[in-house]
Amino acid sequence: MTLTQIKYFIEVAKCLNFSEAAEHLFITQPALSRQITAIETELNMQLFIRGSKKLSLTPSGQLLLSEFTKFLQLYDTIIDKAREVHRGISGQLSIGIIDGYDIGSVLPKFIEYMEQNYPNIRISMQRLSFRKLIEELYNHTLDAVITYDFHMKDKTGLTSLPIQLLYPVMSVPTRNPLSRKGAVTLKDFEHEPLVIVKEAECSPGVSLVIETCLQFGHFYPDFYFTETMEDAILWVESGLRCALFNTGMTVMHSDKIRSFPLPELPPMHGLLCWHPQNTNFALKILTDYFQNKKPEADLS
């Protein structure tokens, strides 16, 4: 017997009228009658006396009405207590975000979800450089990080999940004459110094830009190296350098630059990464949340 069938029985037993009970339960009277017959067949006992003008309970039906009513009250109490325990889960979740990543379309919804369902779990967030982000993930100072797929290319022992589809753009200062073009190709930047984070900070990123310029622009880039991604963004906003960025970066909202789409280049992913040996329950909530969501495309 299912919980739904128990509720059907109780409603009929209270109303002693199939039509009235069916109306309260939002089902048809024949369907309700079939359910009650199925209960009686399963229990091998008659629960109702079906008279020509009225319905009444058998002694067995009266007993079940009393006990099932208590059972449902206990059931509701148990569920309420379980919800209280669920909401009472406490702990901390530490998330690192790579410098320059715009989290506006990925993290706010998750934080709202946590505040509604796990208000006692404290979430901390911080922006870090490429190298520092991975160091703190490996030493478990951070539970999870949000970064780019190329950043994780040479990292071992970590688990990752794509959470956002991003598109390469060429970010050009508005004071640069190239910013006034209707469209650009990678080849237009053959003689422009491109600002980029130094190789010691993110060698896969440097390699990716070199390979991209050689394959799609047929030139070797003239690099201007910086210590961090935030430094690179500053150079573009200052009006002195261009950079190969992507649509998932905070700099896309700056009025000091113009970002051109480069449709010849393949898209990339923003990744959620974590150490599989981390047993923090809050981390499991985070990973489960994003595993149930399709990566969003950032076209800004």
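Leu240 is found in the loop that joins helix α8 (229-237) to strand β10; helices (H or I, at least four residues) and strands (E, at least two) are DSSP runs, numbered from the N terminus. This is a predicted model, in which local features need pLDDT of at least 70 and side-chain atom pairs count only at pLDDT 80 or more, while totals for chains, interfaces and linings use all residues. Residues are numbered from 1 along each chain as its sequence is written, and side-chain values use heavy atoms, with hydrogens and water left out.

- Leu240 counts as partly exposed because its relative accessibility is 45%; buried means under 20% relative accessible area, exposed over 50%, and partly exposed in between (1.4 Å probe, protein chains only).
- Not counting residues up to four places away in sequence, Leu240 touches Pro173, Arg175 and Trp235, where contact means heavy atoms within 4.5 Å.
- The C-alpha atoms of Leu240 and Glu40 are separated by 83 Å, and these residues are 200 residues apart along the chain.
- Glu190 has its place in the loop between β7 (168-173) and β8.
- With a relative accessible area of 26%, Glu190 is partly exposed.
- From C-alpha to C-alpha, Glu190 and Gly217 are 7.4 Å apart in space, against a sequence separation of 27 residues.

**Residues with positive phi**

- Most residues other than glycine have a negative phi, and most peptide bonds are trans.
- Phe26 has a positive phi, near 60°, and lies in the loop between α2 and α3 (29-43).
- Phe26 is exposed, since its relative accessible area is 77%.
- His140 also has a positive phi, near 70°, and lies in the loop between α6 (130-138) and β5 (144-148).
- The relative accessible area of His140 is 41%, so His140 is partly exposed.
- Leaving aside its neighbours within four places in sequence, His140 is in contact with His275 and Asn278.
- The C-alpha atoms of His140 and Asn278 are separated by 7.5 Å, although the two are 138 residues apart along the chain.

**His24 and the cysteines**

- His24 has its place in helix α2 (residues 18-25) and counts as partly exposed because its relative accessibility is 41%.
- Beyond residues up to four places away in sequence, His24 touches Glu11 and Cys15.
- Between the C-alpha atoms of His24 and Gln5, which are 19 residues apart along the chain, the separation is 14 Å.
- Cys15 counts as buried because its relative accessibility is 17%.
- A disulfide is a covalent bond between the sulfur atoms of two cysteines.
- A search of the whole structure finds 0 disulfides, taking a disulfide as a pair of cysteine sulfur atoms within 2.5 Å.
- The closest cysteine sulfur to that of Cys273 is in Cys202 at 12 Å, and is therefore too far for a bond.
- Cys273 is buried, as its relative accessible area is 0%.

**The largest pocket**

- The largest pocket has a volume of about 440 Å³; grid points are joined across faces, edges and corners, and a volume is the space filled by probe spheres set on the points.
- On a 1 Å grid over the protein atoms alone, a pocket is an open set of points where a 1.4 Å probe fits, with protein on both sides within 12 Å along at least five of seven lines, and lining residues have an atom within 4 Å of a point.
- The largest pocket is lined by 27 residues, and Phe150, Leu208, Val209, Leu244 and Met268 lie nearest its centre.
- At least two residues of this lining are supplied by each of β8 (193-197), α7 (203-217) and β10 (243-246), and α7 gives the largest share, 8 residues.
- By class, the lining has 21 nonpolar, 4 polar and 2 charged residues; Ala, Val, Leu, Ile, Met, Phe, Trp, Tyr, Cys and Pro count as nonpolar, Asp, Glu, Lys and Arg as charged, and the others, Gly among them, as polar.

**Nonpolar cores**

- The largest nonpolar core has 53 residues, of which Leu107, Phe110, Tyr148, Phe245, Leu286 and Phe290 touch the most other members; such a core is a set of buried Ala, Val, Leu, Ile, Met, Phe, Trp, Tyr and Cys residues joined through side-chain atoms within 4.5 Å.
- Helix α9 (residues 281-291) gives the most to this core, with 6 residues.
- Apart from neighbours within four places in sequence, Phe110 is in contact with Leu93, Ile95, Ile123, Ile285, Leu286, Tyr289 and Phe290.
- A second, separate core has 21 residues, including Val12, Ala22, Leu47 and Leu64.
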